[in-house]
Amino acid sequence: MAALALFLVCFVGVLGIFHVEATQENLSPQDASFCHGELEVIYPQLDIDTCLIIQKKFRKKVTTVWKAPKVHFPGAKKNKRYVLMMVDPDAPSRTNPTHAYWRHWLVVNIQGPDLKEGHLQGITLTDYYPPTPPHESGFHRYQFKLFEQPPDASVSLTEKEKHSRGKWDVDAFVKKFHLGKPVATLQFLTQNYED
């Protein structure tokens, strides 16, 4: 009986360690509170629907193997269009973000019914560029922000914005096209896969 009790204590302890790694409960309250609105980002083997830290075993894949994720938003409205951006506010590092925001992806004119079904069809203004945090730069936040696009808005990038992904003024872009507050946000944290 004592052996069974010892086995159960060890087994529960191992599960407890795995549980912390699997649920990513080590996010700061600030990072954990960023996500809202049921946005879902789906990579092969990795379905992200809450703020989390990418597990070490997936870091190389998210950087070098996987292409643009599938994006699903169950709250998308039938007669609305949407703007999706993916940015890194921590370029080149969270302690020295001199190139923030780095624009990783920008898609506009996404139809509500398509987004609701997880089909990201629209006009791509910035092609998807995977998370690529520099070596020894610590964890970077990769943020997905989804906005309702005003009915008559023709959202575009300036010539200067087209030629550089770094130092993108997200607030000015949002204000220029009257996007308002995001209807949904999601972020994950990752670091260079060799660190």
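K167 is found in the loop between α5 (159–162) and α6 (170–176), and in this predicted model the phi of K167 is near 55 degrees, a positive value in a residue other than glycine.

**Backbone geometry**

- Most residues other than glycine have a negative phi, and most peptide bonds are trans.
- K167 is exposed, with a relative accessible area of 56%, and its positive phi is near 55 degrees.
- E38 also has a positive phi, near 65 degrees, and is a residue other than glycine; E38 lies in the loop between α2 (29–32) and β1 (40–43).
- E38 is exposed as well, with a relative accessible area of 61%, a value that lies over the 50% used as the cut-off for exposed residues.
- A cis peptide bond joins A91 and P92, with omega at about 0 degrees, and P92 lies in the loop between β5 (81–88) and β6 (102–111).
- The peptide bond from A100 to Y101 is cis too, with omega near -10 degrees, and Y101 is likewise found in the loop between β5 and β6.

**The buried side of helix α3**

- In helix α3, which spans residues 56–65, the residues F58, R59, V62 and T63 are buried.
- These four cover an arc of only 130 degrees around the axis, and therefore they sit on the same side of α3.
- An α-helix has 3.6 residues a turn, so residues three or four places apart point the same way.

**Aromatic rings**

- A pair of aromatic rings is described by the distance of the centres and the angle of the planes.
- The count for the protein comes to nine aromatic pairs.
- One of them is the pair of Y43 and F188, which is edge-to-face, with 6.2 Å from centre to centre and 80 degrees between the planes.
- Because Y43 lies in strand β1 and F188 in strand β9, this pair ties together parts that are 145 residues apart in sequence.
- Both partners are buried, Y43 with a relative accessible area of 2% and F188 with a relative accessible area of 1%.
- The rings of W168 and F173 have their centres 4.9 Å apart and their planes at 55 degrees, so this pair counts as tilted; W168 is buried, and F173 is buried too.
- R103 lies over the face of W168, at 5.0 Å from the ring centre.
- Ring pairs link Y43, F58, W66, Y142, F144 and F188 into a cluster; among its members, F58 is also one of the buried residues of α3.

**Overall figures**

- Among contacts between residues at least 6 apart in sequence, 74% join residues at least 24 apart.
- The accessible surface of the protein comes to about 10900 Å², of which 58% belongs to carbon and sulfur atoms.

How values were computed:
Residues are numbered from 1 along each chain as its sequence is written. This is a predicted model: local features need pLDDT of at least 70, side-chain atom pairs count only at pLDDT 80 or more; totals for chains, interfaces and linings use all residues. Side-chain values use heavy atoms; hydrogens and water are left out. Helices (H or I, at least four residues) and strands (E, at least two) are DSSP runs, numbered from the N terminus. Buried means under 20% relative accessible area, exposed over 50%, partly exposed in between (1.4 Å probe, protein chains only). The arc is that of the directions from the helix axis to the C-beta atoms. Rings of Phe, Tyr and Trp (its six-membered ring) pair if their centres lie within 6.5 Å; planes under 30 degrees apart count as stacked, over 60 as edge-to-face and the rest as tilted. A charge sits over a ring if NZ of Lys or CZ of Arg is within 6 Å of the ring centre and within 35 degrees of the ring normal. Contact means heavy atoms within 4.5 Å. Accessible areas come from the Shrake-Rupley method with a 1.4 Å probe; for residues, only the protein chains shown count as cover.
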